[in-house]
Amino acid sequence: MSPHHAPDVQDASVAERVRNLRASLPRGVTLVGAVKNRTAGEVKSAADGGLAVAGHNYVVPARALRDELEAGHGGAPGLSWHLIGHLQRNKARKALETFDLVETLDSSRLAGTLERLCAETGRVLPVFLEVNSGRESSKTGVPPDRVEDLARRVRDLEHLSLQGLMTMGPRFGDPGDSRPCFRLTRGLAERLAELGLFDRSPPHLSMGMSLSFRVAVEEGATLVRIGTLLFGLRS
Ligand SMILES: *Cc1c(COP(=O)(O)O)cnc(C)c1O
C-alpha cells in the first residue's frame, strides 16, 4: 500500500526510529526529518519521537501538511520547518507563511524578493545558501566560486540572516562519493566565517541524507536531512 493511500494514523515505529537516530548522532548535530510525500500522522509521530525540525521541498504541499497537522493532530508546536527544495520567486510569499528557515537560497534575485517581503512585516528570516558542490551532477544551488559574492549580498540585506550553507552532493552512487562535496562545502563555510559573513558562529552546515549522513557528520555537518531511514521508502 502506498503512503498516499495508507490511513493517516500515527506510527510508533517512526517515533522509535527518530529516537534511535537522534541518540546515535553526536552532540551538536540536529536531525532534520525530510517529510516530502509523508502524511500528517507520520510527521506527528516523528515529532512525538523528538524530531525538532521538519524539512520540506515544496511550498504548497508543505503548507497543506502543516494545516493538516494542526487540524487533525493538534499540531506539533515544537517543530520548526525548513525549506530544503528550490524556491521560485513567485512562491516566496507563501514560503514565508510556511517555513521558519530557508536552506536553499541560491540567487541574488531571490534574496532581493525575500528581503522585500520580510521588510513588509519587519521579520528577519534565517537562511542558508545552497552550494552546488557537485557542479554538473546537480542543477540547483550556487556554484562554489559564486558563493562568496552571494554571501556578501545577503549580509547587506537587513531582513535576511545568513546562518550557514546547505548542499546535496551526488544523489546516486556510493556514499563516499559525497565526501569531496561535503569537504568543499565545509571549506567554503570556513572561509566565509573568516570573512565575517555569517550571523552565527560556527555556521550551520546542512549536509547528508539517509545513505550519506555518517560521511557528512565526519565532514562537519551540523544538520542531517533524513527521509527514507525514518519513514521508509517512498512509493
Ligand atoms: C528527500 C531529500 C532528503 C532525504 O533523502 P533520503 O534519501 O530519503 O534520506 C534530503 N534532502 C533533500 C533536499 C531531499 O529532497
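**Close-up 1. Contact between helices H1 and H2 in the predicted model.** Val14, Ala15, Val18 and Arg19 of H1 are in contact with Glu42, Ser45, Ala46 and Asp48 of H2, where contact means heavy atoms within 4.5 Å. By class, this contact has 4 nonpolar, 1 polar and 3 charged residues; Ala, Val, Leu, Ile, Met, Phe, Trp, Tyr, Cys and Pro count as nonpolar, Asp, Glu, Lys and Arg as charged, and the others, Gly among them, as polar. This is a predicted model, in which local features need pLDDT of at least 70 and side-chain atom pairs count only at pLDDT 80 or more, whereas totals for chains, interfaces and linings use all residues. Residues are numbered from 1 along each chain as its sequence is written, and side-chain values use heavy atoms, with hydrogens and water left out. Helices (H or I, at least four residues) and strands (E, at least two) are DSSP runs numbered from the N terminus.

**Close-up 2. Crossing geometry of H1 and H2.** Helix H1 (residues 12–24) packs with H2 at an angle of about 40°, and their axes are 7 Å apart. Axes are lines fitted to C-alpha atoms, for helices over the stretch in contact, and angles run from 0 to 180 degrees between N-to-C directions. H1 and H2 are therefore oblique to each other; angles under 35 degrees count as roughly parallel, over 145 as roughly antiparallel, 65 to 115 as roughly perpendicular and the rest as oblique.

**Close-up 3. Packing of H2 with helix H3.** The axes of H2 and H3 (residues 59–73) come within 9 Å and cross at roughly 75°, which makes H2 roughly perpendicular to H3. From H2, Ala40, Gly41, Val43 and Lys44 meet Leu65, Glu68, Leu69 and His73 of H3. The residues of this contact of H2 with H3 comprise 4 nonpolar, 2 polar and 2 charged.

**Close-up 4. Strands E4 and E5.** Strand E4 (residues 101–105) pairs with E5 in the parallel sense over 2 bridges; strands pair if DSSP finds at least two bridges between them. Leu105 has Leu129 in E5 as its bridge partner. Strand E5 (residues 125–131) is mostly covered, with 6 of its 7 residues buried. Buried means under 20% relative accessible area, exposed over 50%, and partly exposed in between (1.4 Å probe, protein chains only).

**Close-up 5. Backbone features in two loops.** Asn37 lies in the loop between strand E1 (30–34) and helix H2 (40–48). Phi of Asn37 is near 65°, a positive value in a residue other than glycine. A cis peptide bond joins Ser201 and Pro202, with omega about -10°.
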